[in-house]
Amino acid sequence: MFNNWLRTNKLAMFLLTIVRIYVGYKWLTAGWHKLTGGFDASGFLKGAIAKSVGEDATVQAWWGSFLQHAALPGADFFNFLIPTGEFLVGLGLILGTFTTFAALMGLVMNTAFLLSGTVSTNVQMLLLEVLIIVSAANAGKIGLDNWVLPYLRHFFSPKKSPANSRPINPAMKHTV
């Protein structure tokens, strides 16, 4: 019932637009500060790895292992990916373009930050992103998705052949 309300109700559409723009603003500003102020993920990664060992570990050992063996060696990639991803997620949410996908990518980043032991606003953002994702296209109706999604559906919908597009008249019998 709540899911249907989120997906179809006009009041929900307006409320989701406010939520979407708020979450987008948070992502956009975080990404912009990292893009313009210099960003190095290696310190954050080393801190998360340190939190994954010992009796008082706050980061899961399997996640710490991933960070140590995959993320830290690829820190240059993450130095590009994180700020660019944050900025693009924010831009997508503010403009209402590919809203569900943008919220999903934000959710993935928030989950990674939470797994790395950073609480901050990640839980709040994650919950708001879940609302946007569950609402599907309703969150982007007051945005560019209102025009972009129907345009893209045109390219991905099955094409009708001329023979299949004629209505069938049951009164006409074909004899061979």
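**A residue between helices, and its surroundings**

Mentor: Leaving out residues up to four places away in sequence, Glu-86 touches Trp-27, Leu-28, Ala-30, Gly-31, Lys-34, Met-109 and Phe-113, where contact means heavy atoms within 4.5 Å. The model is a predicted one, in which local features need pLDDT of at least 70 and side-chain atom pairs count only at pLDDT 80 or more, while totals for chains, interfaces and linings use all residues. Residues are numbered from 1 along each chain as its sequence is written, and side-chain values use heavy atoms, with hydrogens and water left out.

Glu-86 belongs to helix α5; helices (H or I, at least four residues) and strands (E, at least two) are DSSP runs numbered from the N terminus. Its relative accessibility is 2%, so Glu-86 counts as buried. The classes are buried under 20% relative accessible area, exposed over 50% and partly exposed in between, with a 1.4 Å probe and protein chains only.

Trp-27 also has Glu-86 among its contacts. Apart from neighbours within four places in sequence, Trp-27 meets Glu-86, Phe-87, Val-89, Gly-90 and Leu-93, as well as Gly-106, Met-109, Asn-110, Phe-113, Met-125 and Glu-129.

Two packed helices are described by the angle between their axes and the distance between the axes. For α2 and α5, the axes come within 7 Å and cross at roughly 150°. These axes are lines fitted to C-alpha atoms, for helices over the stretch in contact, with angles from 0 to 180 degrees between N-to-C directions. The crossing angle therefore makes α2 roughly antiparallel to α5, since angles under 35 degrees count as roughly parallel, over 145 as roughly antiparallel, 65 to 115 as roughly perpendicular and the rest as oblique. The α2 and α5 crossing is left-handed; that term applies if the near helix is turned anticlockwise from the far one by less than a right angle, and right-handed applies if clockwise.

On the α2 side, the residues in this contact are Arg-20, Ile-21, Val-23, Gly-24, Tyr-25, Trp-27, Leu-28, Ala-30, Gly-31, Trp-32, Lys-34 and Leu-35. On the α5 side they are Ile-82, Pro-83, Thr-84, Glu-86, Phe-87, Val-89, Gly-90, Leu-91, Leu-93, Ile-94 and Leu-95. By class, the contact has 16 nonpolar, 4 polar and 3 charged residues. Here Ala, Val, Leu, Ile, Met, Phe, Trp, Tyr, Cys and Pro count as nonpolar, Asp, Glu, Lys and Arg as charged, and the others, Gly among them, as polar.

Trp-27 leads on to the largest nonpolar core, which has 26 residues; those touching the most other members are Val-23, Trp-27, Leu-45, Leu-67, Leu-93 and Ile-132. Such a core is a set of buried Ala, Val, Leu, Ile, Met, Phe, Trp, Tyr and Cys residues joined through side-chain atoms within 4.5 Å. Two or more residues of this core come from each of α2 (10-37), α3 (42-50), α4 (61-71), α5 (75-95), α6 (99-115) and α7 (122-134). The greatest contribution is that of α2, with 5 residues.

The axes of α3 and α4 come within 8 Å and cross at roughly 145°, and the crossing is left-handed.

Phe-44, in helix α3, is partly exposed, at 34% relative accessibility. Beyond residues up to four places away in sequence, Phe-44 touches Ser-116 and Thr-118.

Finally, consider the loop between α7 and α8 (145-156), where Ser-135 is found. Ser-135 is buried, with a relative accessible area of 0%, and touches Leu-6, Arg-7 and Leu-16, again not counting residues up to four places away in sequence. Ala-136 lies in that loop between α7 and α8 and is partly exposed, at 23% relative accessibility. Most residues other than glycine have a negative phi. The phi of Ala-136, however, is positive, near 55°. Ser-120, in the loop between α6 and α7, also has a positive phi, near 40°, and at 61% relative accessibility Ser-120 counts as exposed.
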